[in-house]
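Here are my notes for you on this one. Have the structure open while you read, and take the points in order.

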Amino acid sequence: MKKELNAQEAREKALRYLEYRSHSEKELCDKLKRAGAKEEDIPTVMEFLREYGFVNDCRYAKHMAKDLKNIKKYGKHRIASELKFRGISSEYIEEALCELEDDEATELMPLVTRKIGSDFERKNIEKAIRYFVYRGYSYEDIKTCIDRLKENYTED
C-alpha cells in the first residue's frame, strides 16, 4: 500500500522527478497520482512549478521535437504523435513543428540510402517504406527519395 503524500511531500516528489529530466504537465501529474499525491493537491503543486519555471509545456515541446528529430531521426508526423501522447496541447505541438526545418526529403535521403543501399528488390523497398512511414515521414517524400536513389544508382 502506497503512503498518501501531503502537499509538501508531493511538491518535493515533483522536484525530484524534475531533477532527472523535464516532464510535461500531464506526465508529472500522472506520476504524482501514482506516487500517492492527493487529487486536490496536484493543481497547487503544478501552479508552483509553473510559477517558478520548472514546468513549461511549450519549452518542453520545442526541446522534445528537436531531440526526436535529431537523435531518433523521426519525421514530423511521428514527432506530433509523441508530443500528443505526452499531453502537449495541439497549439504547442504546431509551434514546435514550425521551428523544425521544413525540408524532410533532404534529411531523409541519407537515411534511405543507408537503409536500402543498392538492393532495389520489391520486398526490400516495401520494408524500407514501412520503416520510414512508422518513423513519421510522408509516403511522397519516401517515394521521391527511393526514386532519386534508383536514378543515381542506374547512372553510375
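Is K62 buried, partly exposed or exposed?

1. K62 counts as partly exposed, because its relative accessibility is 21%. The cut-offs: buried means under 20% relative accessible area, exposed means over 50%, and partly exposed lies in between, using a 1.4 Å probe and protein chains only.

2. Before you go on, a word on where this comes from: the model is predicted, so local features need pLDDT of at least 70 and side-chain atom pairs count only at pLDDT 80 or more, while totals for chains, interfaces and linings use all residues. Residues are numbered from 1 along each chain as its sequence is written, and side-chain values use heavy atoms, with hydrogens and water left out.

3. Back to K62: its side chain meets that of E95 in a salt bridge, 3.1 Å from N to O. This pair ties together distant parts of the chain, as K62 sits in helix 4 (residues 57-70) and E95 in helix 6, 33 residues apart. A salt bridge here is a side-chain nitrogen of Lys or Arg within 4 Å of a carboxyl oxygen of Asp or Glu. Helices are DSSP runs of H or I with at least four residues, numbered from the N terminus. E95 is partly exposed too, at 32% relative accessibility.

4. The structure holds 14 salt bridges. One of them joins E39 and K33, with the closest N and O atoms 3.7 Å apart. E39 is exposed, at 53% relative accessible area, while K33 counts as partly exposed at 41%.

5. Now try R86 and E82: their closest N and O atoms are 3.0 Å apart, in another salt bridge. Both R86 and E82 are buried. They also belong to a salt-bridge network that links R21, E27, R78, E82 and R86.

6. Look at I93 in helix 6 (residues 90-99). I93 is buried, with a relative accessible area of 7%. Leaving aside residues up to four places away in sequence, I93 touches A80, L83, K84 and I88; contact means heavy atoms within 4.5 Å.

7. Last, see how helix 8 (residues 122-134) packs against helix 9 (residues 139-155): the angle is about 140 degrees and the axes are 10 Å apart. Axes are lines fitted to C-alpha atoms over the stretch in contact, and angles run from 0 to 180 degrees between N-to-C directions. The contact is made by I125, I129, F132 and V133 of helix 8 and Y139, I142, I146 and K150 of helix 9.

How values were computed. Helix = DSSP H or I, 4+ residues; strand = E, 2+ residues; numbered from the N terminus.
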